[in-house]
Amino acid sequence: MCEASAPDARPFLEVSNLTLQYKTARYLVTATSNIGFHADSFDRLILLGPSGCGKSTILKAVGGYIKPAGGEIRLQGKLVTKPGADRGMVFQEFDQLLPWKTALENIVFAVTSAGRLPRRQAVAEAREWLHKVNLTAFENSYPHELSGGMKQRVAIARCLALRSPVILMDEPFASLDAFSRSAMQEELLSLWEENRRTLIFVTHSIEEALILGTRIILFSSHPGQVRAEFTPVRRDTAQGLRGKEVRERIEHLLFQDRVDYAI
Ligand SMILES: Nc1ncnc2c1ncn2[C@@H]1O[C@H](COP(=O)(O)OP(=O)(O)OP(=O)(O)O)[C@@H](O)[C@H]1O
Ligand SMILES: [Mg+2]
């Protein structure tokens, strides 16, 4: 039997009136203006939208790497002000590994310095993760010896090895070939089934959003605004939408935006 949640229970992640800007001496860019959305714990929340709409900026703000110019982000009711061990992140940029450490040591270092495991166990676990991302043969390679997609897979393994309750991933599979991408999507879903956490995942692929998401936030073009929200996976419930229906609506909205933009 399900327990009814308290009427005043706050969502796990609450983004309210969020404005994010890049300020330099010469210019100010507003990446997102006054946006709001939320996620429940154990959601696989997808941030979907065209290039430049602010997806990476929003994810970095949830990670605590960018401070809001307006509005706020709350995780379990607590204001996000800086990065924390409760959030693991895979950035879109390829150069996120420590260049002076091997693939294996990048993972071991993250796990031991977070205090999750002593070194010997961290090494064993890091090897398991490298196996899962198909990089066993490269455990002693340094980042400059790896391709972009391989570096990204080490970063994914490092993030998952941390086992943080919130996982933030910015287009982590974009540089992978179709076969590896599909395998990584499967791996991510089965990991999520094994050990449910909150996943916030950025992509501009509608296909990927539908495979991975329990909830999709669709953003319009720069500066990003929330265009629509979908809960495609609740297919068996009255409020849920079927994958095909969601795909058609998203394509329609993106097409409309493009027409508006062109005018
Ligand atoms: N470091 C920066 N300095 C100044 N402007 C930036 C910076 N990073 C991003 N921007 C601007 O902020 C806006 C949002 O960028 P962001 O990288 O968040 O978009 P995105 O949705 O992740 O795009 P993509 O799908 O191409 O990765 C863009 O207009 C971009 O030019
Ligand atoms: Mg981006």
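Residues are numbered from 1 along each chain as its sequence is written, and chains are lettered from A and ligands numbered from 1 in the order in which they are written. Because the model is predicted, local features need pLDDT of at least 70 and side-chain atom pairs count only at pLDDT 80 or more, while totals for chains, interfaces and linings use all residues; side-chain values use heavy atoms, with hydrogens and water left out.

The magnesium ion (ligand 2) is coordinated by Ser-56 through OG and by Gln-92 through OE1, at 2.0 to 2.2 Å. Donors are N, O and S atoms within 2.8 Å of the metal (3.2 Å for Na, K and Ca), and sites may look incomplete because water is not among the atoms. The two residues link distant parts of the chain, being 36 residues apart: Ser-56 belongs to helix α1 (residues 55-63), and Gln-92 to the loop between β6 (87-90) and α2 (103-113). Helices (H or I, at least four residues) and strands (E, at least two) are DSSP runs, numbered from the N terminus. Ser-56 counts as buried because its relative accessibility is 16%, whereas Gln-92, at 35%, counts as partly exposed. In these terms, buried means under 20% relative accessible area, exposed over 50%, and partly exposed in between (1.4 Å probe, protein chains only).

In soluble globular proteins, nonpolar side chains tend to be buried together. A nonpolar core is here a set of buried Ala, Val, Leu, Ile, Met, Phe, Trp, Tyr and Cys residues joined through side-chain atoms within 4.5 Å. The largest nonpolar core has 47 residues, and Met-169 and Ile-216 have the most contacts inside it. Helix α4 (residues 148-161) gives the most to this core, with 8 residues. Apart from it lies another core, of 27 residues, which includes Leu-13, Leu-47, Leu-75 and Met-89. Leaving aside neighbours within four places in sequence, Ile-216 is in contact (heavy atoms within 4.5 Å) with Ile-46, Leu-48, Ala-209, Leu-210, Ala-228, Glu-229, Phe-230, Pro-232, Val-246 and Ile-250.

Leu-13 is placed in strand β1 (residues 13-23) and counts as buried because its relative accessibility is 1%. Beyond four places in sequence, its contacts are Phe-37, His-38, Ala-39, Leu-45, Val-62, Ile-73, Arg-74, Leu-75 and Ile-200. Between Leu-13 and Phe-37, 24 residues apart in sequence, the C-alpha to C-alpha separation is 8.3 Å.

A search of the whole structure finds 1 cavity of 30 Å³ or more. On a 1 Å grid over the protein atoms alone, a cavity is a set of points where a 1.4 Å probe fits but cannot get out, and a pocket is an open set with protein on both sides within 12 Å along at least five of seven lines; lining residues have an atom within 4 Å of a point. Grid points are joined across faces, edges and corners, and a volume is the space filled by probe spheres set on the points. The largest cavity has a volume of about 70 Å³. Its lining consists of Leu-160, Ile-167, Leu-188, Leu-191, Trp-192, Asn-195, Arg-197 and Leu-199, and helix α5 (residues 178-194) gives the most to that lining, with 3 residues.

The largest pocket holds about 390 Å³ of space. Of the 20 residues that line the pocket, Arg-87, Gly-88, Met-89, Ala-110 and Leu-162 lie nearest its centre. The elements giving two or more residues to this lining are β6, α2 and α4, and α2 gives the most, with 4 residues. Within α2, Ala-103, Leu-104, Asn-106, Ile-107, Val-108, Ala-110 and Val-111 are buried. The buried residues of α2 pack against α3 (119-132) and α4. Just after α2, Gly-115 takes a positive phi of about 75°.

Positive phi values also occur in residues other than glycine. Asn-17, in strand β1, has a positive phi of about 45° and counts as partly exposed because its relative accessibility is 48%. Gln-76, in the loop between β4 (70-75) and β5 (78-79), has a positive phi near 50°; with a relative accessible area of 62%, Gln-76 is exposed.
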